[in-house]
Amino acid sequence: MTAAGYRVAPARLDTVAGEFGSRADSLATAQRAVAGEKVPATAFGQVSESAAAAKTFEKTMTELGSKLEAGVSRLRTLQNGLTAAAAGYRRTDAQVAAMYRALLPEDPLPKAGNPAGIGGSADTGAWAQAIAANRTKVADALTAERSRLASLTDADEIKRSQARISLYEDILANNRQILKFDPSGNGRIAELVGHIEPGTRNVGLFVPGVNTQMSNFDAYAGLGRSLVAADPTGRTAMVVWADGVFPQNPVVQGPDASYAQTMAPDLKHFTDDLRGEIASHAGSDVTLTAIGHSYGGATVGLAETQGLDVDRVLHVESAGMGHGVWSPADLPASQAGVQRYSMTAPLDPIEIAQGNAWGLEWTGIGHGADPDTFPGVTELETGRSADGSQLWGLSSHSDVLKPGSESWTNIYRVLTAGPVSPDGTFQPDGILEHGVEFLNDGGVLR
């Protein structure tokens, strides 16, 4: 006699839960429409039966609204039950996996092609435990966010909540490698894209800027995916770091250095851990590049004042070199060998912040020197977007990160030590490192 068995797929439970959630949203919309439907008695005419007809209509709509509300409640109950079940299965899987992982050595023995005994991918070993634990946290956050969404009425809050739910569902469905996760407030998160393993040669660390929150994190994670995918040799990995509290208003909070001053030590500590993972799993022949976008540039700059352990720094539409950093003399000796690059599209309003302390630096306002003119920094061309239009003005602040643009191509080249395009010129047709062909047609890799 053989024992019966079954296999549970948590991702499928999530999918069905999402379908129930969508139906509940549709019914809730209909219920609100019914509840708001008010028809005056005069709409039924001026005869004696009009009042009775109006009351009958009102009663019918009330009953319909109650039935719809009950349907929404049932669907939400099913949705939350399925989500909780999926989270429970994942939690058990993670516990079992951790139990077996504890029985295995973290690093393999030296062998041919790996004489130093360097470990496998960074998604094994020390970071694997964090990734497994964060999968459980994401599953729990998904359950909580779905419940929260049901009670929201503000359109903007609903949109942000739905974006969070989509992010959480994608993380779980695609086994994304979440290194840091905290859904409270605007949310804090960091993700490893690609793998840090023997053969890895380029690792990027991307720090976003103003208005970064959990609901828009996936846009920055998408940048990481595009840069990793562009390397056909598989030697490039990215970490997208949003494990901090970012300013949410560019005018009121953007000039305030306190957010960067708080995040910089955490970024420095995280980078030290990242260096340890690189050394353990990929060896010493790896180049680590910190990329700071907008306010993220000022955060990277302040982390440099604390000895940020990177080989290259790239400022992209950066607010500045960091509060109080006006010359190389303001950086510690450990940063003397760091290669630095910067790019700013013409007429991006960020230029107002660059190199401007507004005479209030002593109050914690301002982000230090303009990266484009800082001694030793190579200024790079932002050029054109993928459709051939010139990158400039307010929209360029984010458009420079879009794949296919000349600015994105320059980001990729800094990350992989390829030929960069200095400001004012763009490289002619040629061959990038790793044999990837590039053309002077908008920087599209092919």
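## A tour of the predicted fold

In the protein chain, residues 24 or more positions apart account for 71% of the contacts with a separation of 6 or more, where contact means heavy atoms within 4.5 Å. This is a predicted model, in which local features need pLDDT of at least 70 and side-chain atom pairs count only at pLDDT 80 or more, while totals for chains, interfaces and linings use all residues. Residues are numbered from 1 along each chain as its sequence is written, and side-chain values use heavy atoms, with hydrogens and water left out.

Let's start with confidence. The predictor's confidence in each residue, pLDDT, runs from 0 to 100; the protein chain averages 84, and 79% of the residues score at least 70. Two stretches deserve a careful eye. Over residues 106–119 pLDDT stays under 50, and the model has 20 contacts beyond four places in sequence for them. Over residues 426–446 pLDDT also stays under 50, with 68 such contacts in the model.

Now for the overall build. The protein chain has nine helices and 10 strands; these are DSSP runs (helices H or I, at least four residues; strands E, at least two), numbered from the N terminus. Eight strands form an open sheet with mixed pairing, in the order S1-S2-S4-S3-S5-S6-S7-S8; two strands pair if DSSP finds at least two bridges between them. S1 and strand S8 (377–379) are the edge strands, each pairing on one side only. On average, neighbouring strands of this sheet are turned by 15 degrees against each other, direction ignored.

Axes are lines fitted to C-alpha atoms, for helices over the stretch in contact, and angles run from 0 to 180 degrees between N-to-C directions.

| Helix | Strands touched | Angle between directions |
|---|---|---|
| H5 (residues 217–229) | S2, S3 (202–207), S4 (236–242) | about 165 degrees with S4 |
| H7 (residues 295–304) | S3, S5 (287–293), S6 (312–316), S7 (339–343) | about 130 degrees with S5 |

S1 and strand S2 (residues 188–193) run antiparallel, joined by five bridges. Aspartate 182 stands opposite arginine 188 in S2, and isoleucine 178 has glutamate 191 in S2 as its bridge partner.

What about the interior? Of the 446 residues of the protein chain, 48% count as buried, meaning under 20% relative accessible area, with exposed over 50% and partly exposed in between (1.4 Å probe, protein chains only). In soluble globular proteins, nonpolar side chains tend to be buried together. A nonpolar core is a set of buried Ala, Val, Leu, Ile, Met, Phe, Trp, Tyr and Cys residues joined through side-chain atoms within 4.5 Å. The largest one holds 76 residues, of which Ile189 and Ile196 touch the most other members. Helix H6 (residues 258–281) gives the most to this core, with eight residues. Apart from it lies another core of six residues, including Met321 and Phe374.

Not counting residues up to four places away in sequence, isoleucine 189 touches a set of residues including Leu167, Phe181, Met214 and Trp241.
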